[in-house]
Amino acid sequence: MTSKMAARSYGAMSRFCVAVLVLAALTCYGGSVHLVAALPDAQVEALLALQELLDHPSATMNWTKETKFCNLASTPHLSVVCSAPETLTDLRIVGDKSAATVREKLNQSSTKGGFLSSQKSLPSSFNVTTLVNTLLAFPELRNVELVSLGMWGALPEQLSQLSHLQVMNMSSNLFTGALPKTLHALTELRVLAMDQNAITGSFPFWLSTVPTLETLSLSSNSLSGELNDSISNFKNLKSLVVSNNLFSGKIPSSISSLLNLQLLSLAHNHFTGVVPNLENLKSLKSLNLGGNSLGPGFPSLGAQIASVYVGQNRLSGPLPGYLKGFVELQNLDVSGNALVGTPPPYLFNLPRIQSLNLARNHFSGGLPLNLTLSKSLSLVDISGNFFTGHPPVAFLSSTRNVSVHFQGNCMETLKQKQGSEEYCTVTASKLGIRDVQIIRSHLVLIIAVAAAGGLCLSVLLCVVVYLISRRCRGDKDRSVAAPEDGNFGSFRGIPSELLSNARYLSQSMRLGVLPHSHNRVFALEELKIATNNFSPGALVGEGRHGKVFKGLLDDKTVVAIKWLNFKSKEDMNEYKTQLEVLSKLRHQHLVSVLGYCTEDVVTIVEDEEFKSFRLFIVSEFMANGDLRSHLSKHMGVKEPMAWSQRLAAVIAAGRGVHHLHTGVTPPIFYNNLKITSILLDSNMVAQVSDFGLPVRRVSFSMDVVAAEAKSGGPRLIHEDSLRRRDHRDKQDVYDYGAILLEIVLGRPPTIRNPFPQKRSELERLTKEKGPSMELIDKDIVGTCGAESLATVLEIAGKCMVDDPSRRPSMEDVLWNLQYALQVHSSVNDVNDEYDLRREEFQKAPSFSERKPRGFHDNRIADEDWKEDPSDSRHFLR
Ligand SMILES: Nc1ncnc2c1ncn2[C@@H]1O[C@H](COP(=O)(O)OP(=O)(O)OP(=O)(O)O)[C@@H](O)[C@H]1O
């Protein structure tokens with residue numbers, strides 16, 4: 001409950017300048033217009049053409065020639081506003097399905113196929129230039145929101161002809177390429193939101209010539225390069241959101257001249273160096289710089305700030321004393337840095353503080369027993385530090401509705417796993433060296449004053465000798481005295497409230513696209529009702545471990561319910577613990593776990609009792625099933641995905657995996673990646689499911705591998721990855737490589753070839769003179785650019801080399817895939833009929849010429865192709 005409150009409060013704050021501004025703008029302009037009886041015929045026809053072009057999104061389901069568009073009631077999914085004299089000014093269509101429609105379809109559909117065929121998103125014939133030309137039929141169009149509609153392609157320059165545009169929100173689509181520079185001609189533009197697309201290129205500094213621009217929201221794209229001082233030209237900007245991109249370099253100090261800024265989010269990029277002084281920004285309410293490499297100094301901020309997220313950076317030294325004056329502060333997250341010292345007690349008692357996350361730093365010392373917690377506080381996390389002494393009484397009191405986490409310290413408590421005091425003292429003093437250096441100048445002064453008394457020096461000497469001797473002992477004892485790693489050094493042990501922190505909330509939630517999770521334990525009865533008693537009609541899929549059903553909950557939420565059987569309660573509980581944690585994780589490319597339900601079953605066979613255990617995992621329902629079922633005609637698919645759609649899907653899924661590797665602390669590896677775990681939502685946007693669940697980690701013999709692979713048995717981890725903790729991300733990279741191969745082949749790799757030939761197939765695909773054409777999926781030949789294909793094949797090969805240390809990181813893989821998408825888009829811009837021919841493939845620049853990121857070597861070395869039977873599972877699914 002408390003974690004939800006914390007998450008909600010941060011979510012509300014971060015929505016402040018985008019969703020609110022967009023909606024407020026629409027409402028405001030909508031409110032000032034006069035409704036008129038009818039639009040001119042040309043505009044009615046344009047609306048119907050739009051409906052057709054967008055493949056009849058459910059919000060437009062009832063549109064016909066007779067529809068009185070200007071009188072349509074606004075809903076979250078649809079808004080049409082007209083103004084006199086008879087012209088359309090605002091248009092909002094958000095792709096979604098109403099609960100009633102889903103219920104109807106649920107009742108009607110007895111097979112998954114039947115349901116899916118009617119759920120198809122935009123057809124491959126969609127053309128974004130046609131879309132813009134259609135919008136040009138509305139000369140007074142001021143606000144346009146076309147969200148989550150599965151639109152794709154490069155944004156055309158003609159957009160600038162919509163010259164009265166004030167709000168443009170085309171978030172959560174599949175747009176590629178750079179933003180067209182002609183947008184600077186939109187001199188009335190106030191809000192530009194293009195979050196969650198696949199936009200590339202550098203930061204659009206040229207938009208600063210738009211004097212009215214207040215909100216620029218470009219999160220979750222693939223923008224790269226550096227921000228520079230030209231940022232100061234965006235004088236009227238109130239909201240700047242570019243999180244989850246690939247920006248690097250320093251944050252320019254001139255950002256502090258954006259005096260109107262209320263929301264600044266640069267999170268999850270590659271920014272480095274010192275955060276410029278932001279004290280000047282008196283309007284700034286929410287700052288999110290998390291997941292970069294910023295530091296060492298804590299940012300200087302104005303005291304009006306309400307939310308500060310600077311977790312997962314390189315901050316060191318003590319927390320600054322000026323936080324005492326931050327009376328408006330509601331959320332502070334500094335987790336995952338290297339901050340030292342003892343946090344001051346007032347921090348816990350700031351008048352408005354709601355969530356305080358100090359986890360996984362180098363904080364030490366004891367907190368006062370009588371520490372006072374602010375009435376507004378609902379979450380405190382100090383876990384994974386070096387705190388000693390008794391936990392404050394308020395931490396243990398059950399009367400307050402505050403969620404407190406302090407495991408992984410050295411506090412004196414019987415209830416929590418804690419290390420020895422000695423361990424924390426010694427380690428903190430080692431890790432605090434930097435802190436000691438900072439205050440060295442003060443020490444010198446003190447010592448100088450005290451120098452008159454040689455006594456002081458001798459006391460100091462004694463202390464040093466004492467500490468050294470303790471340190472030696474500490475080193476010896478550490479393995480037994482350190483807090484149990486399992487409880488906070490691994491994902492499994494992360495307190496669930498920690499995961500509800502704002503940094504785990506996706507950008508789409510910020511824009512209100514994703515529903516909030518239920519995060520609860522479901523009653524079996526509820527799931528039975530939802531699935532019509534797990535009827536065959538509700539079955540949507542079956543994996544190696546159980547069946548997946550589609551269900552409709554009481555509150556009209558459509559969910560997927562995975563039914564798993566266990567022989568041992570311990571095994572089931574292991575899953576359960578993980579699920580509690582996973583249900584707090586949110587990312588637009590990760591299927592949300594909503595909760596679970598358990599059932600103990602006793603069966604009596606010949607008077608003997610047998611116990612078994614059932615676990616039902618409830619998660620978001622992905623209307624378009626898994627990626628494999630959309631790939632290729634020869635797998636029975638009627639409308640196979642085009643190359644750009646395949647790329648968009650794997651890039652989206654890759655982003656989800658990248659988030660698990662780098663956006664969560666501790667990271668989540670071994671995610672059991674496979675093409676059937678990449679699911680597509682109603683807009684054909686890919687999300688990864690089944691991640692982070694317990695995986696069998698056995699020291700397996702070859703026999704076990706072979707037997708289990710043949711039987712499609714349990715998932716196994718590449719032995720190399722197990723041995724080397726430093727390459728723990730590379731198992732997922734390997735699996736992801738197999739998925740990349742499948743989108744090229746249109747079928748599982750080597751489904752026809754027996755296991756020993758798997759390498760030769762990969763070799764034939766990635767050989768220098770071009771791939772063996774007969775291996776490539778016929779459905780993409782003729783639609784995909786040669787260089788694009790070459791890039792994907794080479795990166796797939798790199799992912800699948802045997803030596804984990806030679807595999808690229810997910811970030812590098814994504815970078816290359818983005819490149820593949822970009823070259824494909826540009827080729828298609830020039831010639832839609834671009835043909836894949838062997839000669840063209842050979843003409844494509846070699847990998848080294850293209851210099852993609854993260855590789856030293858163009859070729860896959862011979863030794864990388866050695867047979868490794870232990871990974872047979874990748875080809876035998
Ligand atoms: N959240 C979901 N929404 C819609 N369909 C789903 C969902 N989860 C699973 N499915 C469907 O059910 C099928 C089986 O899923 P499941 O996770 O049980 O097995 P799998 O991923 O194919 O393999 P494994 O058993 O190895 O994990 C998927 O391929 C997919 O089509």
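Two residues are in contact if their C-beta atoms, placed from the backbone, lie within 7 Å. Among contacts in the protein between residues at least 6 apart in sequence, 63% join residues at least 24 apart.

The structure in these views is a predicted model, in which local features need pLDDT of at least 70 and side-chain atom pairs count only at pLDDT 80 or more, while totals for chains, interfaces and linings use all residues. Residues are numbered from 1 along each chain as its sequence is written.

Figure 1. Of the 877 residues, 49% count as buried; a residue is called buried if 20 or more other C-beta atoms lie within 10 Å of its own, exposed if 12 or fewer, and partly exposed in between, with C-beta atoms placed from the backbone.

**Figure 2. The shell around the ligand.** The ligand is surrounded by 22 residues, of which the closest are Gly541, Gly543, Arg544, Ala560 and Thr676; a residue is near a molecule or strand if its C-beta atom, placed from the backbone, lies within 6 Å of it. Strands E28 (539–542), E29 (546–552), E30 and E32 (608–620) each supply at least two residues of this shell, and the largest share, 3 residues, comes from E28. Sorted by class, the shell has 7 nonpolar, 9 polar and 6 charged residues, where Ala, Val, Leu, Ile, Met, Phe, Trp, Tyr, Cys and Pro count as nonpolar, Asp, Glu, Lys and Arg as charged, and the others, Gly among them, as polar.

**Figure 3. Lysine 562 and the residues it touches.** In an unreviewed UniProt entry, the annotation "binding site" covers Lys562; UniProt positions are given in the numbering used here, feature names are shortened, and annotations may be inferred rather than shown by experiment. Lysine 562 lies in strand E30, which runs over residues 558–566, and this lysine is buried because 21 other C-beta atoms lie within 10 Å. Not counting residues up to four places away in sequence, lysine 562 touches Gly546, Val548, Phe616 and Ile617.

**Figure 4. The packing of helix H16 against helix H19.** Two packed helices are described by the angle between their axes and the distance between the axes. Helix H16 (residues 643–663) and helix H19 (residues 730–745) pack at an angle of about 170°, with their axes 11 Å apart; axes are lines fitted to C-alpha atoms, for helices over the stretch in contact, and angles run from 0 to 180 degrees between N-to-C directions. H16 and H19 are therefore roughly antiparallel to each other, given that angles under 35 degrees count as roughly parallel, over 145 as roughly antiparallel, 65 to 115 as roughly perpendicular and the rest as oblique. The contact is made by Arg646, Val650, Gly654 and Val657 of H16 and by Asp732, Tyr736, Ile739, Leu740 and Ile743 of H19, and these residues divide into 6 nonpolar, 1 polar and 2 charged.

**Figure 5. Methionine 684 and valine 685 in the loop between strands E33 and E34.** This loop joins E33 (678–680) to E34 (686–688) and holds valine 685, which counts as buried with 26 C-beta neighbours inside 10 Å. Leaving aside neighbours within four places in sequence, valine 685 is in contact with Ala652 and Leu680, and its C-alpha atom is separated by 9.8 Å from that of valine 650, 35 residues apart along the chain. Methionine 684, found in the loop between E33 and E34, has a phi near 65°, a positive value in a residue other than glycine, and counts as buried with 23 C-beta neighbours inside 10 Å.

**Figure 6. Backbone geometry at histidine 56 and proline 296.** Most residues other than glycine have a negative phi, and most peptide bonds are trans. Histidine 56, in the loop between helix H3 (41–53) and strand E1 (78–83), has a positive phi near 50° and is exposed, with 11 other C-beta atoms within 10 Å. The peptide bond from glycine 295 to proline 296 is cis, with omega near 5°, and proline 296 lies in the loop between strand E16 (293–294) and strand E17 (307–309).

Terms used:
Helices (H or I, at least four residues) and strands (E, at least two) are DSSP runs, numbered from the N terminus.
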